Amino acid sequence: MPLHPETQAIHVDVPDLNGARPLSVPLYQTANFGYDNPEDLAEAISRPESFAYLRNSNPTVRALENAVSQLEGAAASLAAASGIGAIHTVLHTLLGSGDHIIVQRHLYGGTFALLKDLEARFGIAVTYVDGRDPAEVTAALRPTTKVLYLETISNPTAQVTDLPAFFAVGRAARLTCVVDNTFASPMGCRPLSMGADVVVHSSTKFLSGHCDVLGGIASFADAGLHRRVWSRSLETGAIADPFAAWLTLRGLATLGLRMRRHHETADGLAHFLSRHPGVEKVHWPGLPDHPAHELAQRLLPNGYGGVFAIDVAGGRKETLEFTRRLRLVDRAVSLGGFKTLVQQPSATSHRSMDAEGLRAIGITEGTVRIAVGLEHLEDLKADFAQALS
Ligand SMILES: *Cc1c(COP(=O)(O)O)cnc(C)c1O
């Protein structure tokens with residue numbers, strides 16, 4: 001029987017040192033490796049499997065890549081310096097001048113900025129679709145379309161994409177299907193099993209989980225594509241540092257526990273806020289009026305992560321005042337760590353979008369994103385209640 005993901009995240013491969021196995025993956029903080037035989041070195045430098053120079057590979061980084069490959073059911077993975085580093089390297093491998101990519105409109109702000117740049121400077125055409133109906137992809141197809149790019153759960157309004165339905169259309173058109181699975185984590189969703197070719201994560205978020213590291217990872221169904229992206233990463237140089245990989249592995253061991261707790265607390269807080277008169281709207285898939293309520297139950301039976309948004313009643317002033325008054329909860333960007341954080345997407349993560357673009361994805365000046373951490377639910381409820389009063 002295949003192991004459950006919670007168990008896989010704990011039982012990661014460790015090096016065998018003449019029969020003795022360290023229980024935690026050692027930190028190989030070395031930039032290069034020496035060889036007795038110069039021909040072995042020449043061989044090692046050209047293969048992703050071998051260790052020669054840190055930009056090519058490193059045993060601690062490899063252990064993280066193997067662990068995430070296990071979790072995502074991938075042939076191979078590539079760890080990167082950041083989530084955007086992983087996305088950048090993947091898209092630069094898959095797209096060239098004149099190519100076309102179809103992307104869902106509800107998109108991480110940094111990815112949106114990257115696509116704008118690809119469009120303006122490299123003549124790569126981008127079509128945005130709502131992500132509700134796979135027929136939109138069929139309608140957007142061109143002879144030059146190469147990539148379909150989706151997110152499992154979107155930021156910040158927690159739209160859920162019907163990944164199997166979209167990938168079916170993408171695969172029929174021979175597109176490479178890429179999905180950002182950061183918000184669901186592999187505990188919530190395994191997109192490769194639903195037809196994706198590439199899964200990317202910002203491991204800065206849930207995978208590491210402790211607000212102390214920047215990292216990204218891309219997992220591939222096909223080892224050949226992994227190798228192409230690995231070659232590209234030697235040029236972009238956005239590779240993972242061993243210490244960052246080590247911290248991420250440390251966090252990974254508790255991913256299963258943490259994701260369950262994030263979901264439960266977010267669900268409790270979202271229900272609480274949905275009954276509060278100071279809150280106009282709560283965007284959480286666990287609420288029956290969320291557009292993805294049924295889809296989330298079907299696609300994400302293990303939970304919806306821990307990030308959602310609220311629209312504060314009033315306007316910009318009331319919203320700023322509310323966030324300023326929070327005591328326990330901090331005002332900060334990022335998500336997926338142990339601390340609960342709030343931020344206004346229109347002023348931070350989505351600042352590269354204009355007003356029309358923001359409206360199209362349901363973000364107003366009253367929208368506040370809540371990244372639920374691991375505190376006790378009652379303490380969070382009390383803090384939100386006093387700040388909204
Ligand atoms: C944070 C984030 C990224 C970018 O990751 P970095 O590690 O900050 O570079 C990409 N996608 C999503 C969904 C994110 O939340």
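Colleague: Which residues come nearest to the ligand?

Modeller: This is a predicted model, in which local features need pLDDT of at least 70, side-chain atom pairs count only at pLDDT 80 or more, and totals for chains, interfaces and linings use all residues. Residues are numbered from 1 along each chain as its sequence is written, and side-chain values use heavy atoms, with hydrogens and water left out. A residue is near a molecule if one of its heavy atoms lies within 4 Å of it. Of the 14 residues around the ligand, those that come nearest are Gly83, Asp180, Ser202, Thr204 and Lys205.

Colleague: How many residues of each class does the shell around the ligand have?

Modeller: Ala, Val, Leu, Ile, Met, Phe, Trp, Tyr, Cys and Pro count as nonpolar, Asp, Glu, Lys and Arg as charged, and the others, Gly among them, as polar. By these classes, the shell is made up of six nonpolar, six polar and two charged residues.

Colleague: At what distance from a nitrogen atom of the ligand does a polar side-chain atom of Asp180 lie?

Modeller: A polar contact is a pair of N or O atoms within 3.5 Å; within protein, one must be able to donate a hydrogen and the other to accept it, and residues adjacent in sequence count only if both atoms are side-chain atoms. Lys205 has a polar side-chain atom 2.7 Å from an oxygen atom of the ligand, and for an N or O atom in the side chain of Ser202 the distance to a ligand oxygen is 2.8 Å. For Asp180 and the ligand nitrogen, the distance is 2.6 Å.

Colleague: Is His293 buried or exposed?

Modeller: His293 is found in helix H12, where helices (H or I, at least four residues) and strands (E, at least two) are DSSP runs numbered from the N terminus. A polar atom of its side chain lies 2.7 Å from the backbone oxygen of Pro285, and the side chain of His293 also reaches the backbone oxygen of Leu287 at 3.3 Å. Buried means under 20% relative accessible area, exposed over 50%, and partly exposed in between (1.4 Å probe, protein chains only). Because its relative accessibility is 14%, His293 counts as buried.

Colleague: What is phi of Ala158 near?

Modeller: Ala158 is found in the loop between E4 and H7, and with a relative accessible area of 1% Ala158 is buried. Its phi is positive, in a residue other than glycine, and is near 55 degrees.
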